[in-house]
Amino acid sequence: MRVYVPLTLSGLAEAYRTGELGVGRLPGYGVTPALREWYPSEFDEDQEYAALGFAALASLRLLAADAGAPRRRVVVAVDVPDGAVSADPVGPGALWVDGPVRLARAAAVHVDAADAEPDVASAAQALPAADGGDDGAQSVVDRAEDHELLWYATQEIPNLLGPTV
């Protein structure tokens, strides 16, 4: 099953250093029955894109909790055995992956472009108010979501991380 694991650039650097996305139960997103019900489509790609979007929002939540992380959302697409996944009733597409999940299982990495950083930074700051129902804050979050995550091959991770690796 293809699972989208939300991270930050700091989390990606740690995964690159250790070779693992995590060792315990990892939160992720995928095409679950709940997502298929929430977003019916005849195209699997549409549902995969929706799962990626949920993971990008979860990455934004990680950024809101970590003021020191670079303001770019990160999602790692990883293929795991179906038996390693269990549904999380929190929302459509939400699931748990039983770790450890090796970075070598990653199919790709999705990351914001550098020009998205100001909008992502503002969105991370506005997220608590948006969660509380503030429409203005929600529009700030929506501006970050307007930025498409870029696709990178796993071999490009060192370039994404720069001189810190």
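Ala106 counts as buried because its relative accessibility is 12%, under the 20% limit that defines a buried residue, and this value, like those that follow, comes from a predicted model.

**Ala106 and its surroundings**

- Apart from residues up to four places away in sequence, Ala106 touches Val76, Ala77, Val78 and Thr154.
- Although Ala106 and Ala153 are 47 residues apart in sequence, their C-alpha atoms are 9.0 Å apart in space.

**Strands S1, S4 and S8**

- Strand S4, which covers residues 74-79, is joined to strand S8 (residues 106-111) by 5 bridges, and the two run antiparallel; in this pairing Val76 stands opposite Val109 in S8.
- S4 is also joined to strand S1 (residues 2-7), here by 6 bridges and again in the antiparallel sense, with Tyr4 standing opposite Ala77 in S4 and Pro6 standing opposite Val75 in S4.
- Both of these strands are mostly covered, since 5 of the 6 residues of S4 are buried and 5 of the 6 residues of S1 are buried as well.
- As a general point for reading such pairings, side chains in a regular strand alternate between the two faces of the sheet.

- Thr8 is found in the loop between S1 and helix H1, the latter covering 9-18, and it is buried, because its relative accessible area is 8%.
- The contacts of Thr8, not counting residues up to four places away in sequence, are with Leu62, Leu63, Ala69 and Val74.
- Ser59 lies in helix H3, which covers residues 44-65, and it is buried because its relative accessible area is 0%.
- With residues up to four places away in sequence left out, Ser59 touches Pro6, Leu7, Arg73 and Val74, and Val74 is also among the residues that Thr8 touches.

**Helix H3**

- H3 has 22 residues and reaches 32 Å from its first C-alpha to its last, close to the 32 Å expected at 1.5 Å a residue.
- The buried residues of H3 include Gln47, Ala50, Ala51, Leu52, Ala55, Ala56, Ala58, Ser59, Leu60 and Leu63.

**Helices H4 and H5**

- The axes of helix H4 (residues 117-131) and helix H5 (residues 135-145) come within 8 Å and cross at roughly 145°, and the crossing of H4 and H5 is left-handed.
- On the side of H4 the contact is made by Asp119, Val120, Ser122, Ala123, Ala126, Leu127, Ala129 and Ala130, while H5 contributes Ala137, Gln138, Val140, Val141, Arg143 and Ala144.
- Sorted by class, the residues in the contact of H4 with H5 are 10 nonpolar, 2 polar and 2 charged.

**Strands S3, S5 and S6**

- Strand S3 and strand S6 run antiparallel and are joined by 5 bridges, and within that pairing Leu26 stands opposite Val97 in S6.
- Strand S5 (residues 85-87) pairs with S6 in the antiparallel sense over 3 bridges, and here Val85 stands opposite Val97 in S6.
- The hairpin of S5 and S6 has 6 residues between the strands, and in it Gly93 takes a positive phi near 85°.

- Leaving aside neighbours within four places in sequence, Gly24 is in contact with Val97, Asp98 and Gly99.
- The C-alpha atoms of Gly24 and Gln138 are separated by 32 Å, the two residues being 114 residues apart along the chain.
- Gly99 is joined to Pro100 by a cis peptide bond with omega of about 5°, and Pro100 lies in the loop between strand S6 (94-98) and strand S7 (101-102).

Technical notes. Residues numbered from 1 in each chain as written. Predicted model: local features only at pLDDT ≥ 70, side-chain atom pairs only at ≥ 80, totals over all residues. Heavy atoms only, no water. Axes fitted to C-alpha atoms, helices over the stretch in contact; angles between N-to-C directions. Helix = DSSP H or I, 4+ residues; strand = E, 2+ residues; numbered from the N terminus. Left-handed = near helix turned anticlockwise from the far one by under 90°. Contact = heavy atoms within 4.5 Å. Nonpolar A, V, L, I, M, F, W, Y, C, P; charged D, E, K, R; others polar. Buried < 20%, exposed > 50% of the residue type's maximum accessible area, 1.4 Å probe, protein only. Pairing = 2+ DSSP bridges. Expected span 1.5 Å × (residues − 1).
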